[in-house]
Amino acid sequence: IIISSLIQMYNKCGEPKKSIEVYNKMIANNITPTEITYINILSAISNLGPNALEKGKQIQSKIIRKNQNSNMIIISSLIQMYNKCGKPNKSIKLYDQMIKNNITPNEIT
């Protein structure tokens, strides 16, 4: 939880690159990301825009491997990330996939 808080703090203070550094150190030390970690790091990537898209794709792959790709909040974060990274079609595809999988969107999605 402390690491997720650090990632969130750096992002909210306008330092999304530092958020990614903290996340990378976390992974290097074999610390398993939580739902909150994924949400915070995807927000940081969203704030960096298209330059961070590859990192976002890597994180999405981890989310899929951890079988958290049916979590509505994480999907909403992915939709936002792809949209802010200049890939609105990918955002729409994720949204459509969410509906197809009977995941009910919320007002944020």
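Helix 3 passes helix 4 in a left-handed crossing; left-handed here means that the near helix is turned anticlockwise from the far one by less than a right angle. Helices are DSSP runs (H or I, at least four residues), numbered from the N terminus. The model is predicted: local features need pLDDT of at least 70, side-chain atom pairs count only at pLDDT 80 or more, and totals for chains, interfaces and linings use all residues. Residues are numbered from 1 along each chain as its sequence is written, and side-chain values use heavy atoms, without hydrogens and water.

Two packed helices are described by the angle between their axes and the distance between the axes. Axes are lines fitted to C-alpha atoms over the stretch in contact, with angles from 0 to 180 degrees between N-to-C directions.

| Helices | Angle | Axis distance |
|---|---|---|
| Helix 3 (residues 35-48) and helix 4 (residues 53-65) | roughly 160 degrees | within 10 Å |
| Helix 1 (residues 2-12) and helix 2 (residues 16-28) | about 160 degrees | 7 Å |

Helix 3 and helix 4 are therefore roughly antiparallel (angle over 145 degrees).

Helix 1 contributes Ile3, Leu6, Ile7, Tyr10 and Asn11 to the contact; helix 2 contributes Pro16, Lys18, Ser19, Val22, Tyr23 and Met26. Eight of these residues are nonpolar, two polar and one charged. Ala, Val, Leu, Ile, Met, Phe, Trp, Tyr, Cys and Pro count as nonpolar, Asp, Glu, Lys and Arg as charged, and the others, Gly among them, as polar.

Notes
Helices (H or I, at least four residues) and strands (E, at least two) are DSSP runs, numbered from the N terminus. Angles under 35 degrees count as roughly parallel, over 145 as roughly antiparallel, 65 to 115 as roughly perpendicular and the rest as oblique. Contact means heavy atoms within 4.5 Å.
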